Amino acid sequence: DNSPGAIAVCRRRGVREARLLAFDAVDESLGSFNTIVLFGNNFGLFGTPTKAKQLLRRLQRMTSNDARIIVESRDVERRGGADAPWHRRYRERNIARGRLPGQIRIRIRFRDVIGPWMNYPMVSPDQLREILAGTRWHVVHVFDSDDTYVAIIEKTGGWGEAQGISSTGGGVVRARFPIQGR
């Protein structure tokens with residue numbers, strides 16, 4: 001995780017190997033992974049489509065042949081007041097500026113700690129597929145919900161069981177994730 005506070009919480013809760021590291025700084029020095037988990041609308045950590053393609057190519061090199069990425073995002077053109085005039089105008093401005101419709105620019109602030117500004121895209125499943133084009137990753141399943149969706153992205157089929165990177169706690173986890181319908 002890129003938050004010293006999040007790393008401290010992970011260590012207090014028993015995570016043995018937690019590192020202070022921004023998502024875009026993850027590289028082969030961490031080893032090889034089978035599963036990367038980006039819940040909490042954390043597909044946005046990729047920043048922009050160009051940066052996402054670069055990071056996805058890096059993740060391609062540092063993951064196993066049967067690796068998968070589990071991401072959560074939001075389709076802003078279908079969710080949460082998408083028909084509201086102010087929301088429609090916001091998306092139209094983004095498109096006119098060459099951005100994704102659901103691109104936002106945010107920074108995190110807690111008390112007197114203020115993080116840097118960052119681009120944070122919210123993408124539809126179709127936009128996700130477009131971003132993945134040319135990266136050797138592909139969407140194998142989308143789990144839709146009322147507010148967001150979770151997509152399973154893979155290089156190859158099968159089960160992924162091993163270490164994984166989690167953006168929800170900065171720790172290394174072990175899990176098995178079956179794909180339904182295989």
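1. Let's start with Thr63. Leaving out residues up to four places away in sequence, Thr63 touches Ser32, Phe33, Ile36, Trp137 and Lys155. Please keep in mind that this is a predicted model.

2. The polar side of Thr63 is worth a look in your viewer. A polar contact of 2.8 Å links the Thr63 side chain with that of Lys155. A polar atom of the Thr63 side chain also lies 2.7 Å from the backbone oxygen of Leu59.

3. Is Thr63 buried or exposed? Its relative accessible area is 8%, so Thr63 counts as buried, the cut-off for that class being under 20%.

4. Now for the nonpolar core. The largest one has 25 residues, and Phe46, Leu59, Ile69, Val71, Leu128, Trp137 and Ile153 are those with the most contacts inside it. At least two residues of this core come from each of strand 1 (33–38), helix 2 (49–61), strand 2 (63–73), helix 4 (125–132) and strand 8 (149–154). Helix 2 gives the most, with four residues. Two names from the Thr63 paragraphs return here: Leu59, whose backbone oxygen lies 2.7 Å from the Thr63 side chain, and Trp137, which Thr63 touches.

5. Beyond its neighbours within four places in sequence, Leu128 is in contact with Phe43, Val71, Val123, Val139, Tyr149, Ala151 and Ile153. Of these, Val71 and Ile153 are also among the residues with the most contacts inside the core.

6. Ser124 sits in the loop between strand 6 (118–121) and helix 4. With a relative accessible area of 8%, Ser124 is buried because the value falls under 20%. Setting aside residues up to four places away in sequence, Ser124 touches Arg74, Asp75 and Tyr149. Tyr149 is in contact with Leu128 as well.

7. Finally, the chain as a whole. Its secondary structure comes to four helices and 10 strands, in the order α-β-α-β-α-β-β-β-β-α-β-β-β-β along the sequence. Of the 182 residues, 41% are buried. Among contacts with a separation of 6 or more, 62% are between residues 24 or more positions apart.

Methods
Residues numbered from 1 in each chain as written. Predicted model: local features only at pLDDT ≥ 70, side-chain atom pairs only at ≥ 80, totals over all residues. Heavy atoms only, no water. Core = buried A, V, L, I, M, F, W, Y, C linked by side-chain atoms within 4.5 Å. Buried < 20%, exposed > 50% of the residue type's maximum accessible area, 1.4 Å probe, protein only. Contact = heavy atoms within 4.5 Å. Polar contact = N/O pair within 3.5 Å; in protein donor to acceptor, adjacent residues only side chain to side chain.
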